[in-house]
Amino acid sequence: MTATAPPSVSEPQTTPAPGPPRPSRWWIAAVPVAIVAMLAASGYRVPVFWYQSGLHHELASADPDEWAKVTEEYADVHGDTTRSYSVRFAGLGGAVPAYEDNSGDELTLPTGMVARTVNLDFSAAPDQVLKGCAVTLIDDEGRQYRVGGLFDGIGPRTTVCVPEETPGPSLAVLQKDARGATPQDEQPRPREWSTSPAIAVPEDARFVELRISFENPDYVTLRLPR
């Protein structure tokens with residue numbers, strides 16, 4: 001008999017396990033577009049923030065002994081409105097080595113620093129909201145020294161540009177607040193008055209300009225005598 005060869009045995013077939021899915025590549029093409037959009041948005045916000053966070057829009061100006069007539073727009077709880085006033089630089093006062101803080105306490109300034117008073121004349125209707133202004137001295141090197149405003153740590157915050165006893169109306173922040181109303185316990189502010197806020201400055205600084213501001217970026221320039 002002829003021997004019969006045993007049937008061949010095939011190796012068992014196995015299906016390889018599926019690998020991780022290949023990621024879609026559509027986002028690769030979208031990356032440059034997203035970067036451009038991000039940079040464009042950032043590029044827009046940076047100049048807007050810079051413009052709104054400093055004094056960059058001059059409303060009016062005046063030479064020494066001249067009046068600057070100002071009308072500026074602002075908003076309160078009732079909507080858009082304006083404030084109008086006139087202001088004149090009347091001179092710098094003497095230098096003293098101490099400064100008065102918000103609590104009325106006397107603060108001794110560091111060596112080389114003094115407090116200089118800034119004499120200003122104002123004229124405005126009694127219903128104009130003029131609390132909360134800032135006064136900034138600028139020297140011949142472009143350095144700025146300020147008093148007043150919402151974020152000032154020393155010096156008066158609300159009466160830099162108005163009489164202390166009769167400062168006039170406050171900004172209307174509640175619906176019940178009447179725009180331009182003098183508080184019942186105060187006399188109306190006079191139509192003309194003077195103020196002399198003090199600013200801490202270097203003893204040897206030479207000043208060329210003064211700025212008055214209520215809200216960034218708007219300001220008024222008063223040029224000082226050379």
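This is a predicted model: local features need pLDDT of at least 70, side-chain atom pairs count only at pLDDT 80 or more; totals for chains, interfaces and linings use all residues.
The chain contains 1 helix and 12 strands. Read from the N terminus, the order of elements is α-β-β-β-β-β-β-β-β-β-β-β-β. The chain has 226 residues, of which 35% count as buried. Among contacts between residues at least 6 apart in sequence, 67% join residues at least 24 apart.

An open sheet is formed by 5 strands in the order 1-12-11-7-8, with mixed pairing. Strand 1 (57–62) and strand 8 (144–148) stand at the edges; each has a single partner strand, so one side of each lacks a neighbour in the sheet. From one strand to the next, the twist averages 25°. In general, the strands of a sheet pair through backbone hydrogen bonds, either parallel or antiparallel. Within this sheet, strand 7 (residues 134–139) pairs with strand 11 (residues 207–213) in the antiparallel sense, over 6 bridges. Val135 is placed opposite Ile212 of strand 11. Strand 7 also pairs with strand 8 in the antiparallel sense, here over 5 bridges. In that pairing, Ile138 has Gln144 of strand 8 as its bridge partner. Strand 7 and strand 8 form a hairpin with 4 residues between them. Gly142, in the turn of this hairpin, has a positive phi of about 85°.

Thr221 belongs to strand 12 (residues 218–223) of the sheet. The relative accessible area of Thr221 is 2%, and a residue under 20% counts as buried, so Thr221 is buried. Leaving out residues up to four places away in sequence, Thr221 touches Glu58, Ala60, Ser61, Ala62, Glu209, Leu210 and Arg211.

The largest nonpolar core has 36 residues. Its residues with the most contacts inside the core are Tyr85, Leu120, Val135, Leu210, Ile212 and Leu222. Strand 6 (residues 113–123) gives the largest share of this core, 5 residues. The contacts of Leu120, not counting residues up to four places away in sequence, include Val135, Leu210, Ile212 and Leu222. Leu120 also touches Arg88, Phe89, Ala90, Trp193, Ser194 and Thr195.

The count of aromatic pairs comes to 4. One of them is formed by Tyr85 and Phe122; the pair is tilted, with 6.4 Å centre to centre and 40° between the planes. Tyr85 lies in strand 3 (residues 79–96) and Phe122 in strand 6, and the pair links these distant parts of the chain, 37 residues apart. Tyr85 and Phe122 are buried. The ring centres of Phe122 and Trp193 are 5.6 Å apart and the planes stand at 10°, so this pair is stacked. Because Phe122 lies in strand 6 and Trp193 in strand 9 (residues 192–195), the pair ties together parts that are 71 residues apart in sequence. Phe122 and Trp193 are both buried. Through ring pairs, Tyr85, Phe122, Trp193 and Phe214 are linked into a cluster.

Several features were found in the loops. Asn216 and Pro217 are joined by a cis peptide bond, with omega of about 5°. Pro217 is located in the loop between strand 11 and strand 12. Asp65 is in the loop between strand 1 and strand 2 (68–76). Phi of Asp65 is near 70°, a positive value in a residue other than glycine. Asp65 has a relative accessibility of 61% and therefore counts as exposed, the limit for this class being over 50%. Asp105 is found in the loop between strand 4 (98–100) and strand 5 (106–108). The relative accessibility of Asp105 is 45%, so Asp105 counts as partly exposed. Apart from its neighbours within four places in sequence, Asp105 is in contact with Tyr99 and Glu100.

Terms used
Residues are numbered from 1 along each chain as its sequence is written. Side-chain values use heavy atoms; hydrogens and water are left out. Helices (H or I, at least four residues) and strands (E, at least two) are DSSP runs, numbered from the N terminus. Buried means under 20% relative accessible area, exposed over 50%, partly exposed in between (1.4 Å probe, protein chains only). Contact means heavy atoms within 4.5 Å. Two strands pair if DSSP finds at least two bridges between them. Axes are lines fitted to C-alpha atoms, for helices over the stretch in contact, and angles run from 0 to 180 degrees between N-to-C directions. A nonpolar core is a set of buried Ala, Val, Leu, Ile, Met, Phe, Trp, Tyr and Cys residues joined through side-chain atoms within 4.5 Å. Rings of Phe, Tyr and Trp (its six-membered ring) pair if their centres lie within 6.5 Å; planes under 30 degrees apart count as stacked, over 60 as edge-to-face and the rest as tilted.
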